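Visitor: I would like to learn how to read helix packing in a model. Could you walk me through one?

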Amino acid sequence: MKSLVISVDLGDLDYAAHAEEFLMLASGAGADIVEVLTARRSRPDAAGFIGSGKIEEAAALVKATGAEVVLFDQALTPAQQRNLERHFEVRVVDRVALILDIFALRAKSHEGKLQVELAQLQHLSTRLTRMWTHLERQRGGIGVRGPGESQLETDRRLIGVRVRALKERLDRVQRQRLTQRRARVRGKTLSVSLVGYTNAGKSTLFNALTRADAYAADQLFATLDTTTRRVWIEGAGQIVVSDTVGFIRSLPPMLIAAFRATLEETIHADLLLHVIDAASPQRDEQAAAVNQVLRDIEAHDIPQILVYNKIDTAGYEPRVERNEHGTIARVFVSALQRSGLDGLRQSIVEFGGEPTGNNAFDETVQPE
């Protein structure tokens, strides 16, 4: 679909990385980007975010390029989105809606699809008014009083019913996980969860550690569904390794809430392997974004080992670094080349000891 991208520079130091990331998101959603318009502002305009002058410029570009949709790299309020669509006469998709669209495209498991639908409905419920503007023109007259409001209330009620049903089904999934977790506590199985910024190479590392075949690709949000495998490591015994959805800066709160059942694998892990793209110039900012999400889901107190991946691209050698207490703190690996993995396994062995038994999982789970 022909798409015009509007990128807004609000003076952030990492704007260039933010803009590049959004273009990757757009491409991942299947957008054919015909033009990128950059707007610079000290703060968003309340009515249209980018101001009247840039709105007119963007409207002219929509017509000149034949763009079918405008992709906005910031989160828009319902009023801003409605005003922009009125000017552009095409659909406007903001950053939150684009991420939701990608999630809907990539979710494969039953649970993942439920989580995506819940997040989409929660997002949609705040924007129903713009869908019924054609009814707002009907005023007065016998038999036509207030049809827009009536339809709007009907839609809200139907969405509310579906949201409650989805939450109940996800609650059942969560109870299933809790039962499995208790079984693992009894078995004292060490649980290791891979976390990291999207596209840091978590799934490739997961496959290298477990000899699994989880989907891995050079794109944002390649993995949405949690994949878990049991693996034997000499010195640590049988452990459980989970690959989770990648994080991103300013992850929409509704996504964190909707995916909480999946993120439970992170919350209840004994050890987090925080996978960092060693070749990325923004690796420090990305690591900070991951730690912020971990705080949001109350998983920031779980022990972490930083795993610097893609060293083959960054030009580093495989190695293990210890902190002042002699504990392994950083491991440098290439999951693609499968180098440095022995050091990573050794770090898991050293951490092992008696697992706290926070987590549990059974690969055969089939959510209702």
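Guide: Start at one residue. Keep in mind that the model is predicted.

Visitor: Is helix α8 enclosed by the rest of the structure or open, and why?

Guide: Count the buried residues. In α8 (residues 202-210), 8 of the 9 residues are buried, so the helix is largely enclosed by the rest of the structure.

Visitor: Which residues of α8 are buried?

Guide: They are Lys202, Ser203, Leu205, Phe206, Asn207, Ala208, Leu209 and Thr210.

Visitor: How do I describe a pair of packed helices?

Guide: Two packed helices are described by the angle between their axes and the distance between the axes. Take α8 and α13. Their axes come within 11 Å and cross at roughly 80°. The two helices are therefore roughly perpendicular to each other.

Visitor: Which residues of α8 and α13 meet?

Guide: From α8 come Leu205, Ala208 and Leu209; from α13 come Leu341, Leu344 and Arg345. By class, this contact holds 5 nonpolar residues, 1 charged and no polar.

Visitor: At what angle do the axes of α4 and α5 cross?

Guide: Helix α4 (residues 95-106) and helix α5 (residues 110-124) cross at roughly 155°, with axes that come within 9 Å. An angle over 145 counts as roughly antiparallel, and α4 and α5 are therefore roughly antiparallel to each other. Their crossing is left-handed.

Visitor: Which residues make the contact of α4 with α5?

Guide: On α4, they are Val96, Ala97, Leu100, Phe103 and Ala104. On α5, they are Val116, Ala119, Gln120 and His123. The contact divides into 7 nonpolar residues, 2 polar and no charged.

Visitor: Now zoom out. How many helices and strands does the protein have?

Guide: There are 13 helices and 11 strands. Of the 368 residues, 50% are buried. The protein exposes about 17,500 Å², and carbon and sulfur atoms supply 49% of that area.

Visitor: What share of contacts joins residues at least 24 apart?

Guide: The share is 70%, taken among contacts between residues at least 6 apart in sequence.

Note on methods. Residues are numbered from 1 along each chain as its sequence is written. This is a predicted model: local features need pLDDT of at least 70, side-chain atom pairs count only at pLDDT 80 or more; totals for chains, interfaces and linings use all residues. Side-chain values use heavy atoms; hydrogens and water are left out. Axes are lines fitted to C-alpha atoms, for helices over the stretch in contact, and angles run from 0 to 180 degrees between N-to-C directions. Helices (H or I, at least four residues) and strands (E, at least two) are DSSP runs, numbered from the N terminus. Angles under 35 degrees count as roughly parallel, over 145 as roughly antiparallel, 65 to 115 as roughly perpendicular and the rest as oblique. A crossing is left-handed if the near helix is turned anticlockwise from the far one by less than a right angle, and right-handed if clockwise. Contact means heavy atoms within 4.5 Å. Ala, Val, Leu, Ile, Met, Phe, Trp, Tyr, Cys and Pro count as nonpolar, Asp, Glu, Lys and Arg as charged, and the others, Gly among them, as polar. Buried means under 20% relative accessible area, exposed over 50%, partly exposed in between (1.4 Å probe, protein chains only). Accessible areas come from the Shrake-Rupley method with a 1.4 Å probe; for residues, only the protein chains shown count as cover.
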